[in-house]
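Subject: Structure handover

Hello,

I am passing on the structure below, followed by notes on what was found in it. Please read the notes with the model open.

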Amino acid sequence: MQRVIPLPPYPGYPAMSPNALCFGDEFPAAGAPCIVQVEEHGLTVTFASDTADGQPESVPFSSLTVTAGGLDHDHLVVKWVNVQGERTLYLKNPDVIRAFRESVPDHLSLPFAQAAERVRQVRHRGRLVWGVVGGAILATVLGLWFGADLLVELAVSRIPVEWEHKLGESAYRDFLSHQEVMKDGPAVAALGEMTQRLTEQIPNNPYKFEVTVVKSDVVNAFALPGGYVVVFTGLMKKAESGEEVAGVLSHELNHVLQRHGLERIVKSLGLLTVVAIVLGDQQGLVGLMKQLGVELLTLKFGREQETEADLKGLQLLQRAKIDPSGMIRFFERLSEKDQGRMEWLSTHPMSTARAERLKAELAALPKKSPEPFTFDWKHVQASLGSQPVAAP
Amino acid sequence: MKSEILYPGAFPMVRVDLAAGEHIKAESGAMVACSPTIDIESKMEGGFLGALSRKFLTGEKFFFQTLRASRGPGEVLLAPTVPGEIVILELDGVSEYMVQKDGFLAGADAILIESKMQSLSRGLLGGEGFFILKISGKGMLVLNSFGAIHKIELKPDQEYIVDNSHLVAWSATTSYNIEKATSGWVSSFTSGEGFVCRFRGPGLVYIQSRNPGSFGAWIRQFIPVSE
Ligand SMILES: [Zn+2]
């Protein structure tokens with residue numbers, strides 16, 4: 001038979017529904033729902049279910065500590081110790097909090113005021129946040145009207161190049177600090193030559209490109225906003241000529257020039273951030289992006305961006321008189337099924353169509369006689385400690 | 001209102017018995033079958049703007065469905081889209097849960113559902129996006145997961161670390177910080193996910209045994225790339 005515990009009559013307290021959760025060793029982890037009432041000398045806690053010890057517990061104010069807690073610091077957390085151990089109450093009911101505040105004795109008033117202030121601040125911030133959300137909804141509607149891409153472009157065009165530099169640089173330095181960087185040698189010299197040949201052909205280049213060779217068997221290369229490029233030695237070992245590496249480099253440089261990284265960031269941060277940028281909160285964005293450093297590296301570009309980087313990359317190679325067929329050959333080899341695990345493929349899905357498009361584009365460009373690099377590719381590869389790739 | 005989980009495990013359904021006049025809210029598309037006494041209404045929870053903001057900011061579907069036993073008692077069968085477990089929680093009127101947007105399957109009508117914005121850094125770095133559902137009120141709440149659901153019980157100040165893409169729901173009495181999972185760059189570089197949530201009790205955290213994002217990536221490798 002179950003014991004029914006009569007709830008004590010409290011005048012002026014009609015609704016006896018739980019208004020707090022109590023935590024302690026013998027309570028379930030979700031907390032025991034309870035009724036908290038504020039009296040002259042302390043709190044009375046009555047458990048709603050008869051599974052707990054049943055008797056209302058009176059706790060004098062003198063034994064309480066008060067803080068703010070919970071997911072958004074919007075709960076009042078009240079702790080005390082009784083014979084069973086530590087008790088923790090999570091209160092959110094505004095009536096109880098008000099009553100508590102009014103009768104709280106002096107020794108608690110300071111922490112209480114601090115806690116209550118946190119609760120109030122969170123609520124206030126909530127209103128602010130909803131203001132921003134309102135703006136975002138407005139922008140969404142506008143975005144649907146004019147096309148979301150336009151909104152993204154608008155936002156991206158408002159980010160100055162210096163910020164892009166700062167942004168990319170912090171992620172880049174952070175990345176390199178965990179890597180084995182190749183400082184000199186034939187591979188670094190070869191990439192330097194490629195970079196110079198390519199960047200010389202970029203009119204009004206706002207970026208000071210920095211290309212670093214990182215010792216790793218990862219077959220990859222990536223570019224960060226602001227012109228920070230990493231090429232892994234694994235990719236150089238896999239390439240059959242300097243022109244192939246130059247093709248990948250030209251592709252990556254064009255991701256930077258076309259600000260693909262920024263577009264991607266703005267897109268993935270969502271409309272809310274777009275709105276913030278358009279409305280002028282650019283300072284906050286830089287802070288957010290700093291936190292985001294890692295994410296910058298995991299960015300995958302969209303197919304349109306890849307195509308753009310391919311085509312612009314090809315044109316840049318052409319202008320720099322670097323044989324563009326190296327880029328095409330490399331893409332073709334990547335699209336063959338038996339390439340195994342190559343990281344560049346994880347961010348650059350290859351297809352024969354991709355190489356075909358480049359071939360068609362190349363055929364449409366005026367013929368230029370390529371000028372070879374000054375380095376010997378086999379020699380460069382040998383310096384990386386790899387076996388020269390055997391001809392099939 | 002009575003509910004029962006049928007075929008517990010990877011491919012469960014929930015049967016909810018409704019008395020005449022009773023109704024439940026369900027994720028739109030969750031209804032599998034129902035008695036002819038049940039009316040299906042699409043309702044915009046939180047008004048038009050609320051629904052609009054959910055739609056565009058969380059990618060959540062525009063509507064919840066209301067399934068109402070308007071012509072006499074009846075039953076409703078509900079199922080989630082993804083394979084995975086279902087749990088039924090009974091909300092007591094005081095406890096509040098934050099639910100990742102794909103975790104909500106259905107709830108009694110007295111359950112309140114709000115879209116809640118997370119702090120910017122949580123929204124950016126956590127896998128759940130800027131918006132999550134905040135669920136309060138009294139009555140039945142049905143959650144679904146991708147894979148099995150595992151409940152973590154946290155005592156006051158007890159901590160636990162969870163990969164953010166495995167989160168399903170957590171008590172509002174918990175708090176959490178987002179942290180970088182590893183110091184190894186290449187791992188986050190190649191696997192994508194690099195963040196975890198450090199939860200602090202008291203309260204419950206429900207997690208799912210499979211990561212939807214990783215599963216998607218795994219599936220993708222079998223899909224031929226086409227232009
Ligand atoms: Zn690319």
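Arg259(A) sits in the loop that links α7 and α8 (260-269) of chain A. The model is a predicted one, and in it the phi of Arg259(A) is near 55 degrees, a positive value in a residue other than glycine. Arg259(A) is buried, because its relative accessible area is 14% and the cut-off for buried is under 20%.

Asp157(B) is not a glycine, yet its phi is positive, at about 70 degrees. Asp157(B) belongs to the loop between β13 (149-154) and β14 (159-163) of chain B. With a relative accessible area of 42%, Asp157(B) counts as partly exposed, since that class covers values between 20% and 50%.

Another loop of chain B, the one between β17 (195-200) and β18 (203-208), holds Pro202(B). The peptide bond joining Gly201(B) and Pro202(B) is cis, with omega at about 10 degrees.

Next, the helices of chain A. Two packed helices are described by the angle between their axes and the distance between the axes. Helix α7(A) packs with helix α12 (residues 303-319) of chain A at an angle of about 120 degrees, and the two axes are 8 Å apart. The pair α7(A) and α12(A) is therefore oblique, because an angle of 65 to 115 degrees would be needed for roughly perpendicular and one over 145 for roughly antiparallel. The crossing of α7(A) past α12(A) is right-handed. On the α7(A) side the residues that meet α12(A) include Ala246(A), Ser250(A) and Leu253(A). On the α12(A) side, Ala309(A), Gly313(A) and Leu316(A) are among them.

Helix α5 (residues 186-199) of chain A also packs with α7(A): their axes come within 10 Å and cross at roughly 50 degrees. That angle makes α5(A) oblique to α7(A). Here too the crossing is right-handed, with α5(A) passing α7(A). The contact is made by Leu191(A), Met194(A), Thr195(A), Leu198(A) and Thr199(A) from α5(A), and from α7(A) by residues including Gly242(A), Val245(A) and Leu249(A).

Which residues have the most contacts inside the largest nonpolar core? They are Met194(A) and Met236(A), in a core of 43 residues. Helix α7 (residues 242-257) of chain A gives the largest share of this core, six residues. A second, separate core has 37 residues, among them Val16(B), Ala69(B), Val99(B) and Leu143(B).

Leaving aside neighbours within four places in sequence, the contacts of Met236(A) include Ala187(A), Leu191(A), Val213(A) and Val231(A). Val245(A), Trp377(A), Val380(A), Gln381(A) and Leu384(A) are also in contact with Met236(A).

The last item is Asn82(A), which is found in strand β6 (residues 75-82) of chain A. Is Asn82(A) buried or exposed? Asn82(A) is buried, because its relative accessible area is 15% and the limit is under 20%. The side chain of Asn82(A) reaches the backbone nitrogen of Gln84(A) at 2.9 Å. Apart from neighbours within four places in sequence, Asn82(A) is in contact with Glu57(A) and Arg87(A).

Regards

Methods: Residues numbered from 1 in each chain as written. Chains lettered and ligands numbered in written order. Predicted model: local features only at pLDDT ≥ 70, side-chain atom pairs only at ≥ 80, totals over all residues. Heavy atoms only, no water. Helix = DSSP H or I, 4+ residues; strand = E, 2+ residues; numbered from the N terminus. Buried < 20%, exposed > 50% of the residue type's maximum accessible area, 1.4 Å probe, protein only. Polar contact = N/O pair within 3.5 Å; in protein donor to acceptor, adjacent residues only side chain to side chain. Contact = heavy atoms within 4.5 Å. Core = buried A, V, L, I, M, F, W, Y, C linked by side-chain atoms within 4.5 Å. Axes fitted to C-alpha atoms, helices over the stretch in contact; angles between N-to-C directions. Parallel < 35°, antiparallel > 145°, perpendicular 65-115°, else oblique. Left-handed = near helix turned anticlockwise from the far one by under 90°.
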